[in-house]
Amino acid sequence: MIARRAGTFEVLALLDAHGPFPGKRQDHFAGATASDWRRAERIDPAAFGPDDTWELDFRCYAIRGPGGRVTLVDTGIGPAGSPASGWAPVPGQLPEVLTAAGIGASDVDTVVLTHLHEDHYGWAVAPDRTPMFPEARHVVQRAETATLGEHDSAMSYVVGPLRAAGLLDEVDGRVRLLSGARGGSGAGRGHGGAVTLVPTPGHTAGHQSVLVEGGARRIMVTGDVLVHAVQLANPAVSYGFERDKEAARQSRQRLLAEARRTRAVLATPHLNRAFVPAVESRESG
């Protein structure tokens, strides 16, 4: 189990699945130059599969705080028959991975959904649509749910069931989820830190990232602000499935500039490295 600490918080990388994305990588990042691709391959060589395919992880993160409280960031691709089944390597392994990490469903008191794409909410509910984490509030930006139509798969598969169970918490903007205990020793001395939702719109209308900070350390759980190392090599490169490419570019550049300034570590769902120092990105025009 790969983990990093920030003060009183432990951030665990939870691999739900791995596989190729449909199509060739160049088809999804049309603005990337040969130089961008060379730099991306140095950052994440495992992403470069045969015949120009894109190999990617499908990863969630657990943030374990004081008292054993757990915040789960995203819930992966889900079981066979989930909305991601048409293209992602289902079934995912998140339930087994959580068990291996010593995390039971009742230990999770918060689930953050960075956005409502099908490879990020798959295990929020069981195949019978009952919540997988029945004691957790599920936090999503109101701007995200506002874009869903009545027949959107995210609405029928996850938003509707969570609302019916009273577990959906729709928020607006930057929100502090929890604070760490003060005192102690090492990096956490005098600064217990916090877990904060950071709006990063563009990939979707209400996309959000999660900042974990404690002591002198910062970990940014990015969500799909960046999905491939080519966007770390050159943050101006757009991804074909971004809802608003200009907003996504601005969010990505702001997040990476701040992460570089504070020497944060990036926790990414789709790179084949669970934790990447932000300094591996570069400034872009």
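**View 1. Pro-91 is found in the loop between β4 (70-73) and α3 (94-100).** This is a predicted model. The close-up shows the peptide bond from Val-90 to Pro-91. That bond is cis. Its omega is near 0°.

View 2. Phi of Asp-52 is near 65°, and the residue is not a glycine. Asp-52 lies between α2 (34-43) and β3 (53-64). Is Asp-52 buried or partly exposed? Its relative accessibility is 29%, so Asp-52 counts as partly exposed.

**View 3. Arg-129 is a non-glycine residue with a positive phi.** The value for Arg-129 is about 70°. Arg-129 sits in the loop between β5 (108-112) and β6 (137-141). With a relative accessible area of 36%, Arg-129 is partly exposed.

View 4. Asp-36, Trp-37, Ala-40 and Ile-43 are the buried residues of α2. What do the buried residues of α2 pack against? Their partners are α1 (25-28) and α6 (229-233).

**View 5. The largest nonpolar core holds 35 residues.** Phe-29, Trp-54, Val-230, Leu-232 and Leu-266 touch the most other members. Several elements give two or more residues to this core: β2 (9-24), α2, β3, α6 and α7 (245-262). Which element gives the largest share? That element is α6, with four residues.

**View 6. Trp-54 contacts residues beyond its neighbours within four places in sequence.** Trp-54 is also one of the residues that touch the most other members of the largest nonpolar core. With those sequence neighbours left aside, the contacts of Trp-54 include Gly-19, Pro-20 and Phe-21. Arg-25, His-28, Phe-29 and Ala-47 are also in contact with Trp-54. Val-227, His-228 and Tyr-239 complete the list of contacts.

Notes: Residues numbered from 1 in each chain as written. Predicted model: local features only at pLDDT ≥ 70, side-chain atom pairs only at ≥ 80, totals over all residues. Heavy atoms only, no water. Buried < 20%, exposed > 50% of the residue type's maximum accessible area, 1.4 Å probe, protein only. Contact = heavy atoms within 4.5 Å. Core = buried A, V, L, I, M, F, W, Y, C linked by side-chain atoms within 4.5 Å.
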